[in-house]
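Here is a short report on one model. Look at the sequence and the 3D view, then read on.

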Amino acid sequence: MLKSFSKGLVVGVALMGAGLAQAEVKQINGAGATFPYPVYSQWADAYHKATGVEFNYQAIGSGGGIKQIKAKTVDFGASDAPLKAEELEKHGLMQFPMIMGGVVPVVNIKGLHVGHLRLDGELLADIFMGKIKHWDDARIKAMNPGLELPHRAITVVHRSDGSGTTFIFTNYLTKVSKSWADKVGNNKSVDWPAGVGGKGNQGVANYVNRINGSIGYVEYAYALQNKMNYVRLKNRDGEYVSPTAENFQAAAAGADWRHAPGYYMVLTDQPGAKSWPITGASFILVYKQAEKPAVTKAVLKFFDWSYHHGQAMAEKLDYVPMPEKVVKMVEATWAADIKGSDGAAVWTSSDAE
Amino acid sequence: MQNERPAGVVANAHPQRWGDRLFQWTTLFFALFVLGVLAAILLTLAWSAWPAFEHFGWHFLVSSEWNPVTLKFGALSPMVGTLVTSLIAMLFGIPISFGIALFITEMAPDWLKRPVGTAIELLAAIPSIIYGMWGLFVFAPYFTDHIQPLMTDTLGVLPLIGPMFQGPPIGISVFSAGFILAIMVIPFIAAIMRDVFEIVPRTLKESAYAMGSTRWEVIWRVVLPYTKVGVIGGIMLGLGRALGETMAVTFVIGNAHDLHLSLFMPGNTISSTLANEFTEADGKLYTSSLIALGFLLFVITVIVLSFARLLLMRLERTQGGRKA
């Protein structure tokens, strides 16, 4: 009895000692983009099991993430829309790409098989501008010879809330359609010329599933989960491609991160025969001048761990992990740019996994 | 009067008066506190909305443009959407609530009174998002396939109001939002109407019946005039809820910043716009424009409710005149 008691005491004291010896940061708080939320929460779970550090992530949207990090209410922010280098500089922030994925146009046309409808960027832009009103329009028919298309009105479904997904989608349309660039433009939310708006990826998925003759755009994971009918798109090389992890990877492969100041890079309309044209990266934002170096270091340690141990989890959820050379670049940037209040680097190359 | 009181009571009068005073001050404080909070909210809203009003001027109230890319904002579309959906809610809600309340108080057999009454109260307790989901998944598809074509074929061909009932059959529209709102406000209005109908003295009704009045005459000439203030109070409560309702509307209205003549087109309301865009709005002017919308909702609510009050006062005065 006494023996087991003293044993318990010894174990308890040992545990306490171990707790004190470890880094004092037990919890990291972040907020932002909804798109990477599934993979971040998987990583957080695995990381918690491996290290005991808790990783809280509030998926409040990219705009919210940028706002929260600027207000310093979180340890890091997350956004699907990268900030321009000037803006990063203005707020003393640095950003790095964490994960990549694709945005997918989805349709609901009764009787049409998954992946059978083919569109190109210009046609997609004209549909979303409300210029093409019916599915049996001559231009759609010309692109889809042999496909039975009904004379049904097209209902455009877009996001009603500001979102990184919308940023990536409108970025693509701005690149491929001059009239879209002139009249609507590229942002997290825009003045939609036509259609109805659903809140969040799920809201858009709901509306598209509900309305016969509709077209919308969602993150790839939502298209998969909701078993939605996606569209094949003509990419820059003139090939019709399907949204698959492999094709997102192809779009990401050629990206020249080295010459992107502040890692500002939107992976839409990339060259390559297999490239899915609406691919994007999701970013993490931290302060260059860390007010609490220990916390910032814990944040970087988590993302470093995820870069190296999280690929399989990401791929399982149909995301594209960052390539090894980009990870090396990002970690070099951490070492060079992120300083504590004493001017000492928060991250050193010896911290890497 | 005091002279007639026993001596003992006079001696105790002072502390009692102090107690009364204290109580009066406390209640006065709470009453003024509410006014203070109201003023503080209004001031904060106005303060944060000022950049938008200053930048756009009167244009903000008459423009329906809402473009986060070019930073041009106007409140017309959400303002009209708020008023139109509430109006539709009232058009459906008031007569139905009236019928329910009358049935429960005047006509229902005793064994049915309680279950119907409880059901109404339960309806009021359902969270609004559930109504929104029901609207999107159950009502909208049914409405699209069965009711909207019928309305377009009958009402849509009428002169003048015809265009209001034409549009693509998608079931996500200003009309759907108004209808869902109607269902949401019915329990509020019906419950209050039932409560006030129940306080009509039995003798009053019985005397009317004794004079040979029909049931309808008793309701129309006795019950309604007696309970008018309460009935309008219930309607105002429902109207207040309809003006501010957010989640249910967001689900079924389509959230498009457009003004259409047709009720079957997607639109938005002030609260649905705020719910959609507030978390993601960046930049001073965008945020300020959203707060300006909040300010306008406040003003609209105050105007609408004061107008209802005014109407009530007029009603009371004319009735008083007739009596005299």
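In strand 3 of chain A, A:F76 is the bridge partner of A:G30. Strands here are DSSP runs (E, at least two residues), and helices are DSSP runs too (H or I, at least four), numbered from the N terminus. Strand 1 (residues 27–32) of chain A pairs with strand 3 of chain A in the parallel sense, over three bridges. Two strands pair if DSSP finds at least two bridges between them. Strand 12 (residues 279–287) of chain A also pairs with strand 3 of chain A, in the antiparallel sense and over three bridges. There, A:S79 has A:F283 as its bridge partner.

Strand 3 (residues 76–79) of chain A is covered on both faces. A:F76 and A:A78 are buried on one side, A:G77 and A:S79 on the other. Buried means under 20% relative accessible area, exposed over 50%, and partly exposed in between (1.4 Å probe, protein chains only).

## How to read the model

This is a predicted model: local features need pLDDT of at least 70, side-chain atom pairs count only at pLDDT 80 or more, and totals for chains, interfaces and linings use all residues. Residues are numbered from 1 along each chain as its sequence is written, chains are lettered from A and ligands numbered from 1 in the order in which they are written, and side-chain values use heavy atoms, with hydrogens and water left out.

Three strands of chain A form an open sheet with mixed pairing, in the order 5-10-11. Strand 5 (118–119) and strand 11 (240–241) of chain A stand at the edges, each with a single partner strand, so one side of each has no neighbour in the sheet. Strand 5 of chain A pairs with strand 10 (residues 232–234) of chain A in the parallel sense over two bridges. A:R118 has A:R232 as its bridge partner in strand 10 of chain A.

## Nonpolar cores

A nonpolar core is a set of buried Ala, Val, Leu, Ile, Met, Phe, Trp, Tyr and Cys residues joined through side-chain atoms within 4.5 Å. The largest has 172 residues, and A:F96 and A:W257 touch the most other members. Helix 6 (residues 174–198) of chain B gives the most to this core, with 12 residues.

Leaving aside neighbours within four places in sequence, A:F96 is in contact (heavy atoms within 4.5 Å) with residues including A:Y263, A:F283, A:L300 and A:W334. A second, separate core has nine residues, among them A:A31, A:I69, A:L93 and A:Y287.

## Two domains in chain A

The domain assignment, automatic or from a database, gives domain 1 (28–101 + 280–340) and domain 2 (102–254) in chain A. Their C-alpha centres lie 28 Å apart. The area buried between these domains is about 1,300 Å², and carbon and sulfur atoms give 65% of it. Buried area is the accessible area (1.4 Å probe) that two parts lose on being put together, summed over both. A:F35, A:D318 and A:V320 supply 33% of the area that domain 1 of chain A buries against domain 2 of chain A.

## Where the chains meet

The contact takes 30 residues from chain B and 27 residues from chain A. About 2,200 Å² is buried between the two chains. B:V69, B:I170 and B:E280 lose the most area on the chain B side, together 27% of what that side buries.
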